[in-house]
Amino acid sequence: MRGAGPRRGVGKMAAAVVAEATAAAGPSSSPPPEAPEPAEEASGAPSAGFRLTAARREPAVRLQHGVSGLEPLAWSEDHRVSVSTPRSIAVLEQLSDIHAAGADLVIHRTAVPAPAATCHLRVGSKREVAECKELFASSKDPTISQTFMLDRVFNPEGKLLPSMRGFKYSSWSPLGCDANGRCLLAALTMDNRLTIHANLNRLQGSPPRADLRDFAEFQRRHSMQTPVRMEWSGICTTQQVKHNHECRDVGSVLLAVVFENGHIAIWQFQLPFLGQESITSCSTIESGIGSPSVLSWWEYEHSNRKMSGLIVGSRFGPVKILPVNLKAVKGYFTLRQPVVLWQEMDQLPVHSIRSIPLYHPYQKCSCSLVVAARGCYVFWCLLLISKAGLNVHNSHVTGLHSLPIVSMTADKQNGTVYTCSVDGKVRQLIPIFTDVALKFEHQLIRLSEVLGSVRTHGIAVSPCGAYLAVVTTEGMANGLHPIAKNYQVQFVTLKTFEEAAAQLLESSVQNLFRQVDLTDLVRWKILQDKHIPRFLQEALDKKIESFGSTYFWRFKLFLLRILYQSLQKAPSEALWRPTHEDAKVLVVHPPGGAEEHQRDEGTWRQGRKPGAGRGAAEVEDSADDSLAPSSDLGGREPMEEKLLELQAQIEAVETRLTREHMKRVLGEVYLHTWITENTSIPTRGVCDFLMADESYDDRTARVLIGHILKKMNKQTFPEHCSLCKEILPFTDRKQAVCSNGHLWHRCFLTYQSCQSLVYRRCLLRDSIARHPTPEDPDWIKRLLQGPCTFCDSPVF
């Protein structure tokens, strides 16, 4: 729960958010009452328990098309935002770029296009399906003909109806599922095509044998192949038996898809995901729920054992958990029977479901909180295992919105839930535990005070809860609706700089890449103030002295790099814009006029001004630079000295991190070599590089190098240049140069020379690594799978 009292925002556009606190009703089994109109907070005082400060971040990403489907916004664990539109899925990747000097968000944008061809479900032979369509379209029974003509599952091409092209839902897998250790994107199109990334092959079953001319049978076959929602499970571990009867642990992930008839198909994928060959099994579950509307995975950990299931919600109101039998999965056990969370058929459709693992401070055990958006209410259910068995507490939170909830998201780190309605109001719900169950305190976030008059169509919270992404269009102005709708993805901060810095210092993740949203808030603050706050410097120095973890050294390197960028002079022109210094003109010399042309060219070069061919701003800058020694010498020298001092500090931290990784590489070499052998890693060069600095006094490294040199038995195994066969000396951690001047980059993971034209780089262009080869042993391949040693970014 947030601290009491107002807090200062980190941006100029920060807007105080009015807070109101209510307690949820106790456990109940009756339907929720009619929703009262939320009270206006003009005269009410904020809650004494918490107060939220939100700020807008630029830029707002404009979408080329409007959003489509339910829950159009999703935020992955590797900090990518997907937006479902009628023409594509826009993918926005947030980066905490160490090379950018601007304070705006750094966002890389790409898209997954919608398939151009319409997907037709296979319910029979083409001839039989065509005959049935003609029969049902010309039927004299209006209940058949009208139902058939208006059902877009039967008629995906539409004819006179609007096109069904586009996406209606997208879901991100957990981190570490593809070959690069990132997330997979499952997408569901409007014409019921299920895709994973660029894989357009639809996973289909064989149609049943029955009379297709019966309209009920025709409907049944389509409903059993029409996906409604799909969700990824967490990564689980299975055991695989090798040819030599050894067992090895293999990661896998499950993709559950619920269909219109209530059946659930579960595909199991072996990791890393390589395509259709990664599918290892497929099973089907009958949910027993008619007209399902939403699906979510439920995972509960008790006594170091995990329980897994599927939460299914209906358009008519019921919510239940179905057991999922995970065979050959380590550490999982299964529910004996389904658990009904809400059984009333109250005609309130379940729009969205989130499952959040929490710890109950009074019961001293882990618990699971399930929240579901139903109309303008939020249904919650608390599940915990005690000696008496599985306890279920449920109720509804009312008085949140006057309009139905259009989107809901949750911060899984602290259990905070966010809901929004189309009128631009966002609610933050904070769970507070009681002796038995829990209650919610909620406050209103008025986006109109941060973004202006807007209408909201979807929200998503970042993995660490630092940002809220919102899909917006223009709201009413002077009581009038806008003429045109411009869809934008806007970002609003939910944490202050102090909160982000404290969370980074106390993080259990120990990985900067997985906390990009937090590091971006820190980056924003340093670029604005042009200095690192003293409290952060002191706290980080204490952490380094107490623990000495490389994570805190990487965090320090990140802060120094951002500070260095903030003190540098901003370029007058965009870096991507080409310069036009010399115009290309075809000159034809007359016979015998070459000497005269050279003389004229020399005259032109002498008469040309120093700033010609560049922008006016650059000319002024060069003039200022030329006057600097006489007019502003005292002001420029301290800045240059400070930049040189920062460069020296950055180099010292990079050297520290390089030595620590070298020790790790040498440790792997020592553990996996029994006799004197060439491991293709320049072991002797790494040892000499570490021992070359006399000021480096690390007893662990010296003892390790002594053992390795005994194993090498005076052998050096130097690297050779592939062009001239000369020896490549190990004198630099970044590159290798032979005696003939051939230069090769060094892999920062194994310190081998990358003697090929194809290599990998980390996401922030910080380091270079080579590709693994079939000849590499398993321990070298494991080293090559590691992240960047400076910024924790994955390598591509």
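Leaving aside neighbours within four places in sequence, Leu559 touches Val522, Ile526, Ile532, Leu536 and Leu540, where contact means heavy atoms within 4.5 Å. The model is a predicted one, in which local features need pLDDT of at least 70 and side-chain atom pairs count only at pLDDT 80 or more, while totals for chains, interfaces and linings use all residues. Residues are numbered from 1 along each chain as its sequence is written, and side-chain values use heavy atoms, with hydrogens and water left out.

Leu559 also belongs to the largest nonpolar core, which has 92 residues, and together with Val83, Val489, Phe491, Leu536 and Phe555 it touches the most other members. A nonpolar core is a set of buried Ala, Val, Leu, Ile, Met, Phe, Trp, Tyr and Cys residues joined through side-chain atoms within 4.5 Å, and buried means under 20% relative accessible area, with a 1.4 Å probe and protein chains only. Helix α8 (residues 550-567) gives this core its largest share, twelve residues. A second, separate core holds 40 residues, among them Ile321, Phe379, Ile405 and Met408. In soluble globular proteins, nonpolar side chains tend to be buried together. Of the 796 residues of this protein, 49% count as buried.

The protein has 14 helices and 36 strands, which are DSSP runs numbered from the N terminus (helices are H or I with at least four residues, strands E with at least two). Helix α1 (residues 126-137) packs against helix α2 (residues 142-150) at an angle of about 120°, with the axes 8 Å apart; axes are lines fitted to C-alpha atoms, for helices over the stretch in contact, and angles run from 0 to 180 degrees between N-to-C directions. The two helices α1 and α2 are therefore oblique to each other, since angles under 35 degrees count as roughly parallel, over 145 as roughly antiparallel, 65 to 115 as roughly perpendicular and the rest as oblique. Lys133, Phe136 and Ala137 of α1 meet Ile144, Ser145, Phe148 and Met149 of α2.

Eleven aromatic pairs occur in the structure; rings of Phe, Tyr and Trp (its six-membered ring) pair if their centres lie within 6.5 Å, and planes under 30 degrees apart count as stacked, over 60 as edge-to-face and the rest as tilted. Phe730 and Tyr751 form an edge-to-face pair, 6.4 Å centre to centre with 65° between the planes. Phe730 lies in the loop between β32 (727-728) and β33 (735-737) and Tyr751 in the loop between β34 (743-745) and β35 (760-761), so the pair ties together parts 21 residues apart in sequence. Both Phe730 and Tyr751 are buried.

Notes:
Buried < 20%, exposed > 50% of the residue type's maximum accessible area, 1.4 Å probe, protein only.
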